[in-house]
Amino acid sequence: MDLGMVIRIALRALARNKMRSTLTMLGIVIGVSAVIAMVAVGQGAENQVQEQIKSFGTNTVFVSSGSPSRRRGGVRHGFGSVKTLKIADMEAIEREVPLITQCAPGANSSGQVIFRNQNWFTRLMGTTENYFIVRNWPLLAGSLFGDEAVRSAQNVAVLGTTVADILFPDEDPIGQTIRIKEQPFQVIGVLAPKGQTSWGNDQDDRIFMPYTTLQKKISGQDWVNFLSCTAVSREASLAAQTQIEAVLRERHRIGPGAEDDFQVRTQFEFAELAEQTSQVMTMLLGSIASISLLVGGIGIMNIMLVSVTERTREIGVRMAVGATEMDIRRQFLVEAVTLALLGGTLGIMLGAGASGLISGFLGWPVLISTRAVVVAVLFSATIGIFFGYYPAHKAARLDPIEALRYE
Amino acid sequence: MQNGPVIQLEEVHKVYHMGEVEIPALQGVSLSVQPGEMIAIMGASGSGKSTLMNLLGCLDHPTAGRYLLEGRDVASLSSVERAHIRNRKIGFVFQQFNLLARTSALENVELPTLYAALPAEERHQRAQAVLRLVGLEERAHHQPSQLSGGQQQRVAIARALINNPSILLADEPTGNLDSRTSVEIMNLLERLNHERKLLVVLVTHEPNIAAYARRILFMRDGLILHDYPVRDRHQALEAVHQIMTEAAEVEVAEARE
């Protein structure tokens with residue numbers, strides 16, 4: 001008997017008992033949809049992390065003040081609490097490390113910003129034009145501050161979109177004068193939106209100004225919190241890291257064995273770590289969901305076994321009118337695989353729907369990967385064959401005489 | 001159809017094994033059946049008549065002896081070949097009807113043609129034709145639960161006929177029917193036997209049903225004890241009564257010993 005006929009017989013048998021077929025499928029439907037939705041969440045996160053990393057620039061080498069590790073028996077100096085990183089260090093790096101093409105300083109502060117009756121507390125950052133190149137951060141409108149503005153510590157400000165939207169809900173900010181810590185600043189540019197960092201900071205809630213202006217007029221500091229440097233290539237960033245460490249240790253007179261008062265990290269490390277983290281998360285979510293798929297498969301076997309017992313007489317009749325053992329085995333196997341595949345298909349649709357809801361209600365990024373879909377379909381077919389084989393075998397091995405006599 | 005006997009049993013033995021114990025069910029049965037006969041097999045339960053039916057229906061194979069079906073030895077066939085013979089050569093009618101539930105009469109009748117891998121068109125035509133033959137063409141789309149017992153048995157007979165078998169095996173075909181419906185079913189089987197020269201073998205313990213046959217076999221202890229050809233229903237009834245009286249006398253005699 002050809003396979004088309006077997007499939008027809010199996011489909012008829014399934015259609016005869018719609019309730020049982022539906023219940024049998026349910027396990028697979030839930031399992032597959034869980035896999036699809038969970039992997040979609042994981043992949044969405046992974047994707048977002050990668051976007052984030054790209055937005056930082058892939059060859060960035062990041063120098064921050066403060067020691068990288070806890071000192072035994074001493075006080076740990078965290079990010080920005082050590083005041084030894086200077087603009088002169090940046091110039092030395094640019095001069096002495098040929099693998100670095102350019103650097104941008106970052107000096108952090110915060111303060112109240114006022115425009116007419118609007119006011120907002122935000123973060124302030126002093127830097128140079130280079131920062132926006134290093135960060136790969138374009139302007140939405142206006143212009144950036146040039147070297148001249150830095151040299152003469154002009155009161156000019158470039159706004160992140162969040163700040164711009166709050167202070168200027170329905171006006172063009174360019175050319176307006178705002179007050180930052182009681183001093184007038186002219187708004188010369190608005191940056192394109194950058195979104196949140198992977199740890200939830202709104203990068204657009206920020207005002208940029210020349211570092212000289214921030215140091216002299218806002219915070220009164222002569223140090224910077226970090227340097228963002230660009231290496232000639234992604235691969236060169238690791239070598240550049242070592243060279244920068246050497247330059248800074250010499251400049252800060254840190255003897256052999258003594259601990260650094262700064263920390264140099266590459267985007268390379270960040271990228272690898274973040275990728276690994278999100279991959280682990282995807283795998284974890286996926287494997288938890290796979291367990292429910294396995295449970296669904298066992299459910300199919302369970303019901304198929306009950307079904308074989310319940311349909312003993314039917315099997316006997318089929319054998320009496322000419323079904324061979326192979327016909328019966330194939331019929332039950334096809335029934336199981338059909339249930340698994342049908343369940344898989346419904347599961348994919350349900351999973352896609354659930355992913356849509358997750359991204360809609362929770363605002364999580366989700367990404368339904370074709371790989372997950374293909375794997376889910378193959379997996380459910382395999383489950384159908386694997387867990388359908390034993391009941392099918394049991395059905396095929398029935399003695400027709402006994403089966404016909406079965407009450 | 002070819003000449004010579006349709007069924008030829010030669011010294012057929014069947015032994016069942018229940019663990020260590022051997023139970024002889026048939027102890028050397030020989031039988032020759034010509035085309036177009038209508039045979040009733042009678043006997044007490046345990047006399048071997050069910051075993052004989054299962055062997056005739058190729059549901060089982062004999063432990064020893066030869067079974068020639070249309071001249072072909074089917075005693076030593078594999079289970080796949082036996083399934084093939086059941087599909088093409090044998091039609092079964094059961095006491096319990098054994099129709100598939102929630103399945104229309106038409107689809108029930110079609111079932112054997114599915115395993116014969118016939119094209120859809122032919123399956124359909126044949127199913128319609130046999131349903132007409134048993135007078136149920138208007139009930140083709142009814143499910144078994146919507147049919148009376150007699151109608152269900154007629155669907156089962158249509159199913160048995162669809163692949164044009166050489167033998168129709170009916171195991172207590174009227175056992176679950178009232179007497180009026182029983183007569184209808186037996187008239188149908190008699191008509192099929194007459195008009196189509198279909199070989200009908202039926203197992204029954206009711207004299208009135210056995211009386212439709214033109215040859216009465218009486219089995220006891222795995223052997224055919226009597227084999228009476230009869231001319232008509234009247235003679236058949238006489239033969240059955242004679243057999244049953246003898247059987248009763250034997251039992252009484254055995255009880256005395």
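## A pair across two strands

Start with B:Met38, which stands opposite B:Val200 in strand β8 of chain B. Strand β3 (residues 38–43) of chain B and β8(B) run parallel, joined by four bridges. Two strands count as paired if DSSP finds at least two bridges between them. Helices (H or I, at least four residues) and strands (E, at least two) are DSSP runs, numbered from the N terminus.

This is a predicted model: local features need pLDDT of at least 70, side-chain atom pairs count only at pLDDT 80 or more, and totals for chains, interfaces and linings use all residues. Residues are numbered from 1 along each chain as its sequence is written, while chains are lettered from A and ligands numbered from 1 in the order in which they are written.

## Covered on both faces

Is β8(B) (residues 199–203) mostly covered or uncovered? Mostly covered: five of its five residues are buried (20 or more other C-beta atoms within 10 Å of a residue's own, with C-beta atoms placed from the backbone). B:Leu199, B:Val201 and B:Val203 lie on one side, with B:Val200 and B:Leu202 on the other. In a regular strand, side chains alternate between the two faces of the sheet.

## The nonpolar cores

A nonpolar core is a set of buried Ala, Val, Leu, Ile, Met, Phe, Trp, Tyr and Cys residues joined through C-beta atoms within 7 Å. The largest one here has 131 residues, and B:Ile216 is among those with the most contacts inside it. Helix α2 (residues 18–56) of chain A gives the most to this core, 16 residues. Another core, of 52 residues, lies apart from it and includes A:Phe262.

Key
A residue is buried if 20 or more other C-beta atoms lie within 10 Å of its own, exposed if 12 or fewer, and partly exposed in between; C-beta atoms are placed from the backbone.
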